[in-house]
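Please keep the sequence and the model in view while working through them.

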Amino acid sequence: TGDRVFVGAPGSYYWQGQVYSINTEAAFPYKPPRYGQFGEGGQIYSFSLNNPRDKVYSTGESTSSEDDSYLGYSSATGDFNGDGTMGVAVGMPRGGGLLGKVLIFSWNMTNQQNITGEQIGAYFGYAIAVVDVDGDKLDDLIVGAPMYTEPNNEGKYETGRVYIIYQDKINKFQEVETRDGVNSKARFGLSVCSLGDINLDGYGDFAVGAPYDGPHGRGAVYVYHGSSNGPLAKPSQVIMAEDISGASRISTFGFSVAGGIDLDGNQYPDMVVGAYDSDKALVFKSRPVAVMEASTLFETENKLISLEDRNCTLRDRKQVPCTVVNSCMKYNGINVPPTLDIEVSWVLDSKKSRNPRMFFLNEEGRNIRNQSIRLYRGKLECKSERVYIAENIRDKITPLEVEMKYNLRQSSYSQQRRRRATVEPVLDQNKGTVQKDSINIQKNCGPDNVCIPDLRLQVNMVDEYLLGSGKHLGIDVLISNFGEDAFEAGFYMSIPSELNFRRVEKVGEIKDTPILCTTPPGATNGTLKCDIGNPLSSGKVVNFKVLLSPSIKVGMAPSYDFYMEANSTNPEIDGSHADNIFEKSVGITIKTDLSISGVSLPEEFIYNYTEYRTIEEAETEHHLGPHVVHIYEIRNEGPSTIDEAEFYVLWPYESNEGEALMYLLVPPETSGNIKCQPSSYINPRDLAIENPRRSYLEKVGASAIGAGSGYRTSSSSSSSSSSSSSTGSSISSRGGAAAAAGGHREVVLTDTERRQLDEEENQESTGDASYVHRQRAESA
């Protein structure tokens, strides 16, 4: 009411601080003594004993624990008890054990309530303002804590915080909200002030200074608008020192702020910002606020559009469904100009702007339109546009939305903060500058137009697949819809990497539901997607077969693992999704049929050892005995492929009495994918061999045998023959009374080796020799 002034004295009583309440009409003709109490000691001061309001009231000295608390560092007046009388909220930023405090006093310095900060050293209470931010006719507190540091904030400190403390009728000053600074050392909240109601919307607004904020630390001021729910979450305006033109370099901008007074007479309160380091106070005039009433609406009664009602014609004479969009705008406001130029933008199907489904009829294929409109104050301007829906749209679930955005057309010189005799208006941002409306596509889903499908997936497929059979792996799929229409219904199947997608075949007589499947690319990890209807109508059934072909790879899994699912863009009811999924593992079986056949050249001969030399005396192959060649052919009659096979040949290199019988002359000759292990028993005496490169396989035509039909091996020796391979090889040897020296006996298998070989032959295996390889790896 202006009848009292409250004065803070933070240095009193060893910096405990002090606050005075003084009648504004009191007269003090003399200065108080240097160390005297205000109102005492040499002053002539009179007041009526019958009027206690004439007295000077003050806070007294507290205990020494309150030294250096700085009571009175900040203060703001307001009605804090709801009786219409003014009290004062006083900051004590080092009180409360350095947490900071705000003390609320009545006019006569009666302490009504204390509020304590939450962080040591945050300087809670450094600045205080009083604003009714929620429009409930009760004064709320705005308290700054500029040294506040958010924990775990990447090393930032002194970002600052502002507290909005509501004066509720029941729980006074118990409900608290906060707004935080962002930049390190910005000291957001070092100054706060009430701005009154700068946009004349009935809610109090306030400003927060952060004198070391901004891109270069030169300061910033944040303006917050009030609302029925309190201040908006984000500032309505941020003014950086760098934004100001027409003045020399500004720093510490926002060290002090003041507002709530109309300085230029335009009926809007203005704001003054201090920048002490620049010796400047800057006046910011509030711009008139144009309150826009706008709408954009589809011209449909029930917010539905039927795709069957094709009531518009395109240039190519195609009939398409269409409707009308009506848009209206009108503005009013205090001290706003009689005309405003507005930039308006319309976007059709704004939720799917990348693939829109709706377009302007007079601009076919375009879903965006921009236009400038001149509005007259208080006059409603409306515009109608006919729009259509494109053919064969897939998404019939997402509503079709029209979005209208509008803003004032800005002149080039108004983009920068500068001195102007008259200020341009702004739109009321709190009412928003975007209007939307939406319609749904009419569906066969009852009066609520909400379709709830019930898809059921049934799959028929084999339990095992014979690898190498040459047959396709077929999967019979049956999908039924027992609910309402299913839109963008699809079938999804993850295909194992060992299988290749071939094609999809329709099953049954019903052909009215097309099935479109996309070949699974590598990016989808082998997922086959089939479109089975848009919509898949209620009661409809689709039946098709997916054909896959296997590919044989090293390290294949023992089974093909499948995951299949049927779904749609409109969800089913909870609990009915289990029958949409099918999972199965198809075992991989392997069957092979190895066969071996061979011939001996010659089939028989007579050996007279007296006609030949002993092995110690022999120098050439002819000194040992007659030449014998064995040719073997190994075949896999399938159907499965064998990754690896081993072929062992034992030959009688000596008699039971230890006399040499067979002498291996040259390494086995092979045809096909055969690799023979080196042997120390090949011509160990280094005898002279006549034409060691001659081919016995070519002689009998074995080299022309295809790799898929079998492999051959030929061995050449004296008196008998042997080989070790798996395709086609020859082993050459000669025999004689002394065909092998005693040092060659290790060619005979030991009992342990023979027993191990028997165990491998008797071991049940999958056919890929994995057990044998594993056992050998473990023993190695």
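Predicted model: local features only at pLDDT ≥ 70, side-chain atom pairs only at ≥ 80, totals over all residues.

1. A residue is called buried when its relative accessible area is under 20%, exposed when that area is over 50%, and partly exposed in between. With a relative accessibility of 9%, Arg-369 therefore counts as buried.

2. Which residue forms a salt bridge with Arg-369? The partner is Glu-363, and the closest N and O atoms of the two are 2.5 Å apart. Glu-363 is partly exposed, its relative accessible area being 28%, whereas Arg-369 is buried at 9%. The pair belongs to a network in which salt bridges with shared partners connect Glu-363, Arg-366, Arg-369, Lys-383 and Glu-385. Arg-369 also lies over the face of Phe-360, at 4.4 Å from the ring centre.

3. Across the whole structure, a search finds 29 salt bridges. One of them joins the side chains of Glu-118 and Arg-161, with an N to O distance of 2.7 Å. This pair links distant parts of the chain, 43 residues apart: Glu-118 is in the loop between β7 (111–116) and β8 (127–131), and Arg-161 is in strand β10 (residues 161–167). Are the two residues buried or exposed, in whole or in part? Glu-118 is partly exposed, with a relative accessible area of 49%, while Arg-161 is buried, with a value of 9%.

4. A further salt bridge is formed by the side chains of Arg-409 and Glu-343, at 3.1 Å from N to O. Arg-409 lies in the loop between β28 (400–408) and β29 (426–427), and Glu-343 lies in strand β24 (residues 339–348), so the pair ties together parts that are 66 residues apart in sequence. Arg-409 is partly exposed, with a relative accessible area of 44%. Glu-343 is likewise partly exposed, with 34%.

5. The next element to examine is strand β17 (residues 270–275). Five of its six residues are buried, so the strand is largely enclosed by the rest of the structure. Which strands are joined to β17 by bridges? Strand β16 (residues 256–261) is joined to β17 by five bridges, and the two run antiparallel. Strand β18 (residues 280–284) is also joined to β17 by five bridges, again in an antiparallel arrangement.

6. Ile-261 has Asp-270 in β17 as its bridge partner. Val-273 has Leu-282 in β18 as its bridge partner. β17 and β18 form a hairpin with four residues between them, and in the turn Asp-279 has a positive phi of about 55 degrees.

7. Together with Leu-263 and Val-283, Ile-261 forms a nonpolar patch on the surface, and the three have about 300 Å² of accessible area together. Val-283 lies in strand β18.

8. An open sheet of five strands has the order β25-β27-β23-β19-β29, and its pairing is mixed. β25 (358–360) and β29 stand at the edges, each with a single partner strand, so one side of each has no neighbour in the sheet. Strand β19 (residues 289–298) and β29 run parallel and are joined by two bridges. In this pairing, Val-289 stands opposite Val-426 in β29.

9. How many aromatic pairs are counted? The count comes to 15. Among them, Tyr-70 and Tyr-73 form a stacked pair, with 5.9 Å from centre to centre and 10 degrees between the planes. Tyr-73 counts as partly exposed, at 35% relative accessibility. Ring pairs also link Trp-15, Tyr-70, Tyr-73, Tyr-123 and Tyr-126 into a cluster.

10. Two further placements deserve attention. Arg-456 lies over the face of Phe-482, at 4.0 Å from the ring centre. Val-462 is found in the loop between β31 (455–460) and β32 (464–466), and is partly exposed, with a relative accessible area of 38%. The C-alpha atoms of Val-462 and Ser-585 are separated by 9.7 Å, although the two residues are 123 residues apart along the chain.

Methods: Residues numbered from 1 in each chain as written. Heavy atoms only, no water. Buried < 20%, exposed > 50% of the residue type's maximum accessible area, 1.4 Å probe, protein only. Pairing = 2+ DSSP bridges. Salt bridge = Lys/Arg side-chain N within 4 Å of Asp/Glu carboxyl O. Patch = residues over 30% accessible without salt bridge, like charges linked within 9 Å, V, L, I, M, F, W, Y side chains within 5 Å. Areas by Shrake-Rupley, 256 points an atom, 1.4 Å probe, with all protein chains shown as cover. Phe/Tyr/Trp six-rings, centres within 6.5 Å; stacked < 30°, edge-to-face > 60°. Lys NZ or Arg CZ within 6 Å of the ring centre and 35° of its normal.
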